[in-house]
Amino acid sequence: MGIRLNKKTPNIYFKRRKGGGLSINSMVRLTKIDEKMVQMILHDYKIFNAEVIFREDGTADDLIDVIEGNRVYLKCLYVYNKIDQVSMEEVDRLARQPNSVVIRYEISSGCIVKVTIY
């Protein structure tokens with residue numbers, strides 16, 4: 001089982017068949033993978049009869065995730081703390097990254113007194 005953070009499920013249709021060989025089609029132009037690579041991946045998994053339809057420009061990893069079928073796609077948020085120890089340029093760079101929050105908090109007598117979110 002694998003986890004994919006901040007990725008969407010690949011829009012690739014995959015169905016094993018009892019016979020008829022491989023049928024590989026795409027609804028978009030594939031730039032990250034070609035038909036020969038798809039065949040090689042399917043043969044590595046000992047799949048000789050299947051239908052594969054790419055509805056997006058997928059990668060080899062996307063195809064493997066669809067074949068295995070045990071991947072979990074989760075959203076996550078990266079929280080950066082102790083930002084007072086780095087430069088403001090670094091804080092700005094971190095704050096502009098997708099799915100990121102930069103924070104600083106102060107503790108007094110064991111309680112959080114102040115939280116600053118940048």
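A salt bridge is counted here wherever a side-chain nitrogen of Lys or Arg lies within 4 Å of a carboxyl oxygen of Asp or Glu. The structure is a predicted model, in which local features need pLDDT of at least 70 and side-chain atom pairs count only at pLDDT 80 or more, while totals for chains, interfaces and linings use all residues. Residues are numbered from 1 along each chain as its sequence is written, and side-chain values use heavy atoms, with hydrogens and water left out.

Side chains of opposite charge can pair when their charged atoms come close. By the rule above, the count comes to seven salt bridges. One of them joins arginine 96 to aspartate 92, with the closest N and O atoms 3.1 Å apart. Exposure is judged by relative accessible area (buried under 20%, exposed over 50%, partly exposed in between; 1.4 Å probe, protein chains only). On this scale arginine 96 is exposed, at 64%, and aspartate 92 is partly exposed, at 37%. Elsewhere, salt bridges that share partners link Arg4, Asp65, Glu68 and Arg71 into one network.

Helices (H or I, at least four residues) and strands (E, at least two) are DSSP runs numbered from the N terminus. Arginine 4 belongs to strand S1 (residues 2–5) and aspartate 65 to helix H2 (residues 60–68), so their pairing ties together parts that are 61 residues apart in sequence. Arginine 4 is partly exposed, with 24% relative accessibility, whereas aspartate 65 is buried, with 4%.

A further salt bridge brings together glutamate 56 and lysine 8, at 2.6 Å from N to O. Glutamate 56 sits in the loop between strand S4 (50–54) and H2, and lysine 8 in the loop between S1 and strand S2 (12–16), so this pair ties together parts that are 48 residues apart in sequence. Here glutamate 56 is buried, at 18% relative accessible area, and lysine 8 is exposed, at 56%.

Attention can now turn to the sheet. Three strands form an open sheet of mixed pairing, in the order S2-S4-S3. S2 and strand S3 (22–26) are the edge strands, each with a single partner strand, so one side of each is left without a neighbour in the sheet. Two strands are said to pair if DSSP finds at least two bridges between them. S3 and S4 pair in the parallel sense over five bridges, and serine 26 stands opposite phenylalanine 54 in S4.

Helix H1 (residues 35–44) touches S2, S3 and S4, and its direction makes about 140 degrees with that of S3. Helix H2 touches S2 and S4, at about 45 degrees to the direction of S2. These angles run from 0 to 180 degrees between N-to-C directions, with axes fitted to C-alpha atoms, for helices over the stretch in contact.

Helix H2 also holds aspartate 62, which is buried at 9% relative accessibility. Leaving aside neighbours within four places in sequence, aspartate 62 is in contact with Lys7, Pro10 and Ile12.

Finally, tyrosine 78 lies in strand S6 (residues 78–80) and is partly exposed, with a relative accessible area of 37%.

Terms used
Contact = heavy atoms within 4.5 Å.
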